[in-house]
Amino acid sequence: MNNLFILAGLTDPGIGLIFWTSIVFLLLVGILGKYAWKPILGAIKTREEGIEKALASAESALNDMRELKSNNEKILAEARNERDALIKEAREAKDAIINEAKTKAQKDADRIMASAREQIVNEKNAAVTELKNQVATLSIEIAEKILRSELSSDEKQKALVNNLMKDVNLN
Amino acid sequence: MASKISTHKRFTSICFVIFALFFSLSFNLKASEPVEPSTNEAVLSQGHATSHTEEDPNKPVDIASIAFEHILDSHSWHLFGDHEHAVSMPLPVILKTDNGIVTFMSSAFHHDTHGTHVAEINGQRFVNFKETIYLASDFPNEHGQYLNIQKDEKGEETITNVAPLDFSITKNATQLLLSALVLILLFTSVAKAYKKTGVTTAPKGKQSFLEPLIVFVRDDLAKGNIGAKGEKFTPYLLTVFFIILINNVLGLIPISANLTGNIAFTLVLSVFTLLLTVFNGNKNYWGHIFTPHAPKALWIILIPIEIIGVFTKPFALMIRLFANISAGHIIIISLVGLIFMFKSLLISPIAVGFALFIDVLEVLVAVLQAYIFTLLTALFIGSAVADHNEDGQHDSADEKLAGEHH
């Protein structure tokens, strides 16, 4: 009976505590709601949003970087191709120039040779002509001198005529 | 790893067996108690406080009374000592009598809870009997109590004195006020920390301890059970969670009050849960109650059941918290009481060992019950505000859960 009496007290809600609990709890909900939960939950939410945003921007930055990298590679490949093309072109140009120069030099050389040969021929002809002329003059002079000496006396003139006459006879 | 688990299991089972033995033993002792002539005496006539101390040393200690005294509310905050040597903190007594409101300090009763000391305030006379305050009778009865006790033919005693409405700041009310103050100071300082350090720095100190709890209540309890509308109820649920948690934990300290194990406190909290459920209930919620998805012939049974269900849910909430916390305290006091029952120091290592074990378990229960109360409150609000689509998802989730349990 003793215990039953106390048990009744245990399960019997006291009006005083109901009253104070209601007041204190409602006040607590109000005060904590305004001065604690609102700023705390707000701050946590702001931070979560910030983290989300940071993550998203990091992701996009990574994507940008990846894009940039692939772009760079593309540009590099293009540059390499261009360089190869340039080198090839340059080599071709070089070959062409060398070939052209070679042909031109050959041609010049040929022309120079031809003109030299021509000149040599001309010079030779001129020399031959002059030689002929000088030989002719010398021959005439010699012939004159010989004639003079041959015709310096009467006997000699007679001998010449005889000689000549002999030739004529032969003819 | 496997051997570790098996030893652990063995240890727990041994503990359980010893525990069960102890309990059967203590119940046997209690059952034999009323045979003793000294305890067979009526409760209400427990005589003077002075005679109490001069008790027969062979008389068994009434552990049950001590246990209930410890978990019940009190008009003064008892710190240590017994009866007239007790040291306690006086608390304000506020009474609503026919002549208006009377206030005085509980020290006016001089630690008396047997109705033997009259406190005379403004011409009105009061006595404190078992922490209920009555208007005192003009003359004391044969036990020196200023009470008029009548016995009916069955031997049950009733007090015929008028008990004024008691709005005292009792021990529980004081702890409630203190814990509310602690919560306000704690969480406003945490809120300030967010304001001061901004949201980009990592939380520090109590902020970093409390933030996971706050986020847990918000995400798992509020949003998990109420859905998108959970944000609106998060502050309420946080308040419920932390007021229960702090008082559960404070209740474990020996001289503190047993607020969450008091039915008045749990009653108020569950009434608020009921009100929130009823006033936030949407068309869908009331539809489930008044037009159940069943043949119309069954409605005559189902509708009353559904209506009763609206009240039984918060009622169970009230009983669960109150009973869990009170039971834990009773077990601890009973275990310590074993030493006094056996009147032997040899029992103390076992009693203390088990009391320690239960105390550690109580720490878990303190957190668990705060969680369960908040979870169920969120669940009830969730069922009241759920849309039809969400409700469908809920049903499937419940089924999945049920399947897992099988």
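This is a predicted model: local features need pLDDT of at least 70, side-chain atom pairs count only at pLDDT 80 or more; totals for chains, interfaces and linings use all residues.
Residues are numbered from 1 along each chain as its sequence is written, chains are lettered from A and ligands numbered from 1 in the order in which they are written, and side-chain values use heavy atoms, with hydrogens and water left out.

Let us begin with the salt bridges. The term stands for a side-chain nitrogen of Lys or Arg within 4 Å of a carboxyl oxygen of Asp or Glu. Counted this way, there are nine salt bridges over all chains. One of them is formed by B:Glu211 and A:Arg47, with 2.3 Å between the closest N and O atoms. This pair joins two chains, because B:Glu211 sits in helix α5 (residues 206–226) of chain B while A:Arg47 belongs to helix α2 (residues 15–150) of chain A. Helices here are DSSP runs of H or I with at least four residues, strands are runs of E with at least two, and both are numbered from the N terminus. Both B:Glu211 and A:Arg47 are buried; buried means under 20% relative accessible area, exposed means over 50%, and partly exposed lies in between (1.4 Å probe, protein chains only).

Next, stay with helix α2 of chain A. There, A:Arg148 and A:Glu144 form a salt bridge with an N to O distance of 2.7 Å. The two are four residues apart in the helix, so about one helical turn separates them. A:Arg148 is exposed, at 57% relative accessible area, whereas A:Glu144 is partly exposed at 38%.

Now move to chain B, where B:Glu231 and B:Lys223 meet in a salt bridge of 3.8 Å, N to O. B:Glu231 is partly exposed, with a relative accessible area of 39%, and B:Lys223 is partly exposed as well, with 32%.

Finally, have a look at a sheet in chain B. Its three strands form an open, antiparallel sheet in the order β4-β3-β10. Two strands count as paired if DSSP finds at least two bridges between them. At the edges are β4 (100–105) and β10 (165–166), each pairing on one side only. Strand β3 (residues 92–97) is joined to β4(B) by six bridges, and the two run antiparallel. Within this pairing, B:Thr97 has B:Gly100 in β4(B) as its bridge partner.
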